[in-house]
Every structure is written in C-alpha cells, then in structure tokens.
2 protein chains.
Amino acid sequence: MSEPIFKRLTLIGLGLIGSSLARRAMQHPTGARRIAGEIVACDSSGLACDRVRVLGIADRVEPDATLAVRDADCVVLCVPVGALGDVAARIMPHLAPGAILSDVGSTKQSMLREIEPILRADVALVPGHPLAGTEYSGPDAGFSTLFENRWCLLTPPEGTDPGAVARVAAMWNECGARSREMDAAHHDRVLAIVSHLPHLLAFTICGTADDLADETRSEVLEFAATGFRDFTRIAASDPVMWRDIFLNNREALLEMLARFTEDAQAMARAIRWGDDAFIVDRIERGRAIRRSLIELNQA
Amino acid sequence: MSEPIFKRLTLIGLGLIGSSLARRAMQHPTGARRIAGEIVACDSSGLACDRVRVLGIADRVEPDATLAVRDADCVVLCVPVGALGDVAARIMPHLAPGAILSDVGSTKQSMLREIEPILRADVALVPGHPLAGTEYSGPDAGFSTLFENRWCLLTPPEGTDPGAVARVAAMWNECGARSREMDAAHHDRVLAIVSHLPHLLAFTICGTADDLADETRSEVLEFAATGFRDFTRIAASDPVMWRDIFLNNREALLEMLARFTEDAQAMARAIRWGDDAFIVDRIERGRAIRRSLIELNQA
C-alpha cells in the first residue's frame, strides 16, 4: 500500500468545492486513504464548522486558521476569491516549512497578484481551479464525485517546484479530474468567455425581467419557457462568490462583454433590417460550436 | 364513449411540434381516440413525409396541402412562422366551411397580420403557441409527452367563435397542457423576454467565442464549464425557425434587447468601478427570480 499524497491536508472554506474535496479525500477506495492521511477542515463560519462535524467529512475541525494549517504539508484555500489575500496573509507565518499552498478560485491573475508578494520562500504556491460546480453552496451542497471527468487547471508561477505541482495534480487526479498547467492570464481569458460572461448575462436577464411592468413580470415567471428557465439556473449561484469573480477578473470579463455586445448589436441590426443571411450564419455558428462540444464530450 | 374533438385533424409541417402532436393524437388512452378520428399529415419535404409513413404517426400522408386540408374540421399549421402566410394563402380556398385554422408559431402578432386579411368568413382562426420544445427538429425528434404540464397560449382575434377556441383548448388539454387566452401583442412581449432574447444571447455568445484567436477558441471548447455549455444547448436549435421568430417579433425583441443591453452596461460599469452593492443586488435578483420559478414549479 503506497503512502497518501499528503500527510496532513488542510482545507480552508467548506463550501461546495471545499466540502466536495473533503468528502473525496475522506474516502478509502482501496482500503487506505489516497489523498491525505489526515484531513483538517477550517471555516470562518461557526455554522459551517458545525455542519462539517455533523456530516463527518473531516478528521478534525479547527475554526482558527492559524492553528488549522499547523504541520499541514498542503493547504487548499476554498474561499471566495475576494477573501484569498486576507486568509493567505493570516496563515502565511504559520505554514510548515516546505508546505504547498493551493486554492480553487475562478480567477488566477488576481490570486497571484495578492499572494506572490507575501509568499514565503520555503512555501510552494500552486494555484488551482477545478472546473466544476453546481448552483448550490455550503457544506451540505458538496458531493464526492463533483470533480469526476472535469478539468482542474493549475497556474503555478514560474520557478515553482515541479514536485509540488505534481502532488497537487495527483490530488485532483485522485478526485477523478484531469489536470492541465496554464498561464494565469490565459486562464482568465478562457474562463471569462466560458463561465464569467455567461453568468453575467444570466444575472442580467433576470434583472431585466424583474424590472418589467407587473403584469408582464408575473407572466414571465408563469411562462418561463426553455430559454429563460435555463438562464435562471445559472443565475442561482452564490452572490458573494460571483461578485468576487467579476471584480477579480474585470479586465478579461469587460473585454469579452465588449466583444459580445458588439456581436449582439450586429444581430440586432440584422433583425431590424431583415438581413436573413447574417442571422442564419450566426445561428449556424452556434450549432457548429455545440456539435464540437458534443464531439469533445463536453456537452 | 364520447366523440373525439375533431373528425379529421390535418397537421401541416411534421417537425418537432407537429410530429409530437401527431403522435399524441394517434394514441388511444381509453380505447378510443380523444383528439381526432382521423389524422392527416402534410409536409413540403418528401423526406419528412417518408419518415412519417415509416414512423406510422398519422393515418394518412398527403404531400399536397390543398388536398390534405379537404374536409378537415381542424387544420394546425406547424411550419416555421415565416412560412405561415404562404401556406395559409394556398390552403384557404380549400378549407371546409366551418373549419378551424390554428397554428403553433412562437410569434402571434405576425400570424394575425398575415392571415386575418385573407381569412374566409366561414373559417375560425385560433392561433396557438404551445410552450414546449427541445433543441432537436424533424419528425424523428417528436414524442407524445412533449406537451405534458406545459402551457399552450391561445391568441384568437376579437369576435372568434368561442366554441372553436374551446375545441382547440380541449385538444391541447388532451395533450396534457394547460391553455390560456392572451392578447397577441402581450404574448409577443412575454415571449420576447422568456424565450426569444435568451436564444439571441445564446447564439451570440457562441459566435463571440467562435471569433476568438485559435488557441483560446480551442480551449473554450475544451473547458466549456457549466455556463457556456448550457448556452450552447439553447443555441443548438433550428436556424430557419429562429430566424423567422426573430424577424417576426422584431419590435418586442429589439425592445427587450435594448433594455437588457442597458442593464448589462450598468453591470459592466459597476464591475469597472468596483460597485460591490450594485453587483450583489443584481445577483440577488437573479436568485429571487429563480426561487419564484421553483415555487411556481416552472424550474
């Protein structure tokens, strides 16, 4: 029986992602733990800590982050990206020499901007982003199979110990995810279009509907056909998490929104002037993208 | 055993909606047909006619629309809304006296605009719109339960025989749908926000992604996270049908798009200037709408 990847893994933030990782790490698929010998959970919310205890998804719950990280060979920050800098600053003096510091945030340049300046020389920084989630949040929303067949993108800064990167990748592989290294700026551009912009559009259309005159508004709810209903599912996600994502990836997101707005205006113009060919071309491109996704098994 | 609602029901256009209605009408839930004694199918595509014959979802296939409507007490046009006027003009002289003419199109003002001027005095016009569909099309895509627990909106012009409206409503009720009468202009505004605008946004974001530089574009496909993937499903729908919907509901759709664009720009400004409260308020509204939908059992 081989040793687990980490002796002690500390997870800070037991929301959907943190609690899912905790659940998976607690499993013994072959009779022995594969990810970590001991899992320590830490959350600033007393309620979340209580739930983690009741659910039994960690070996130990330690509400004080400075104590929770003690002697851990890996610490994964699973807090909203807006809280990463503060939490990292608080735990930095207490990390074990040689420890790996990772995260699961959806924006990676902001993570590096906040943490690289305060990083200790004897700590390896391996930022990570598992592309997985649901519209639910909190310790009860997690499940151990959340990461199966998903990607986890890693954006280690230049010079990071390759051994540390490999161990974080191995952790995600144990969770059933594939991992890939990527430049942080490139990550932020790709995520802006595949995830952040769709969420911005979904939140916005719900607001637009909410502003309609009362009679129409109530019928929007009553007759929510396929399109709108699908958008509201995306829009049901956690507000603080998404505010942080928008603010921490503002450049890439605003650029993608500007491109999108130009395209939407071009579509509006084609509709106003009856430009059949333009409209059909745009719709065909949507279908082609969908077909590519199905071929890539991402649909 | 009571008589079926119609003696002979003719369906013109056997795509997703028409073929689903045909399948449902052919069933004998209580040992006898409830919707129509005879179902006649008509499609301008020889391929579609062949499929309907093979699938056995009509009593008779008649490719010539002028013959297909003969002696039918109800004719439902299930063609893209852009084709409604032409088909109606062709069949009008051949409709039986007292026949009901209905449709399933997603835009209702344009339907009335095209058909009312050519309507015979002895034919009852009962425009309908079942709020049901998938991203698939064609006779093979239909299924008999498509309309269960869905709405069918009816927008009869003033003065339409209430008995004719009641029979069309009864047909949709037999399909498992609830029906509601509504003014055509109001219908078009509600559908613009719940269905047409979401589809326009979904088609557009696929196009925006398709225009990205090659490296990013391929990774958009590879890492299509929840948000983008959900949009592409909406965007997979039939191009001709959607072109027609956009062009035939242009006023309401362009108005909703203009409101949406203002709201998206306000969100962009809040992100640029870090207006936390505005961003969270918009996201909270999305969640509130989602909760209302769940309470209304529409999610």
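This is a predicted model: local features need pLDDT of at least 70, side-chain atom pairs count only at pLDDT 80 or more; totals for chains, interfaces and linings use all residues.
Strand S1 (residues 6-12) of chain B runs parallel to S2(B), and six bridges join the two. Within this pairing, B:Ala41 of S2(B) is the bridge partner of B:Leu11. S2(B) also pairs in the parallel sense with strand S3 (residues 60-61) of chain B, here over two bridges. In S3(B), B:Arg60 stands opposite B:Val40.

## Helix H2 of chain B

Helix H2(B) has buried residues at B:Ala48, B:Cys49 and B:Val52. These residues lie on the same side of H2(B), because the arc they cover around the axis is only 100°. The buried residues of the helix pack against strands S2 and S3 of chain B. On the other side of H2(B), by contrast, B:Leu47 and B:Val54 are exposed.

Both ends of the helix can be described. At its start, a side-chain oxygen of B:Ser45 comes to within 3.3 Å of the backbone nitrogen of B:Leu47. After H2(B) comes B:Gly56, which has a positive phi, near 65°.

## The sheet of chain A

Chain A contains an open sheet of six strands with parallel pairing, in the order S3-S2-S1-S4-S5-S6. Strand S3 (60-61) and strand S6 (124-126) of chain A are at the edges; each has a single partner strand, so one side of each is left without a neighbour in the sheet.

Within this sheet, strand S1 (residues 6-12) of chain A pairs in the parallel sense with strand S4 (residues 74-77) of chain A, over four bridges. A:Val75 in S4(A) is the bridge partner of A:Thr10.

## The interface between the chains

The contact between the chains involves 90 residues from chain B and 90 residues from chain A. About 8800 Å² of area is buried between chain B and chain A, with carbon and sulfur atoms giving 68% of this area. On the chain B side, the residues that lose the most area to chain A are B:Phe223, B:Ile271 and B:Ile289, which together give 8% of what that side buries.

Two further residues of chain B illustrate contacts with chain A. B:Arg285, in helix H12 (residues 276-295) of chain B, is buried, with a relative accessible area of 17%. Leaving aside residues up to four places away in sequence, B:Arg285 touches A:Gly207, A:Asp210 and A:Asp211. B:Pro198 is located in helix H7 (residues 184-210) of chain B and is buried, with a relative accessible area of 0%. Not counting residues up to four places away in sequence, B:Pro198 touches residues of chain A, namely A:Ile205, A:Gly227, A:Phe228 and A:Phe231, as well as B:Ala192, B:Ile193 and B:Ile234. The C-alpha atoms of B:Pro198 and B:Arg8 are separated by 37 Å, and the two residues are 190 residues apart along the chain.

## Selected residues of chain A

A:Asp210, which is touched by B:Arg285, is also a contact of A:Arg217. A:Arg217 belongs to helix H8 (residues 214-222) of chain A and counts as partly exposed, at 26% relative accessibility. Apart from neighbours within four places in sequence, A:Arg217 is in contact with A:Ala209, A:Asp210 and A:Leu212. With A:Asp210, the contact includes a polar one between the two side chains, at 2.6 Å.

A:Asn248 is found in helix H10 (residues 239-248) of chain A. With a relative accessible area of 14%, A:Asn248 falls under the 20% limit and is therefore buried. Residues up to four places away in sequence aside, A:Asn248 touches A:Val81, A:Gly82, A:Thr107, A:Ser110, A:Arg113 and A:Glu114.

Key
Residues are numbered from 1 along each chain as its sequence is written. Chains are lettered from A and ligands numbered from 1 in the order in which they are written. Side-chain values use heavy atoms; hydrogens and water are left out. Two strands pair if DSSP finds at least two bridges between them. Buried means under 20% relative accessible area, exposed over 50%, partly exposed in between (1.4 Å probe, protein chains only). The arc is that of the directions from the helix axis to the C-beta atoms. Contact means heavy atoms within 4.5 Å. A polar contact is a pair of N or O atoms within 3.5 Å; within protein, one must be able to donate a hydrogen and the other to accept it, and residues adjacent in sequence count only if both atoms are side-chain atoms. Buried area is the accessible area (1.4 Å probe) that two parts lose on being put together, summed over both.
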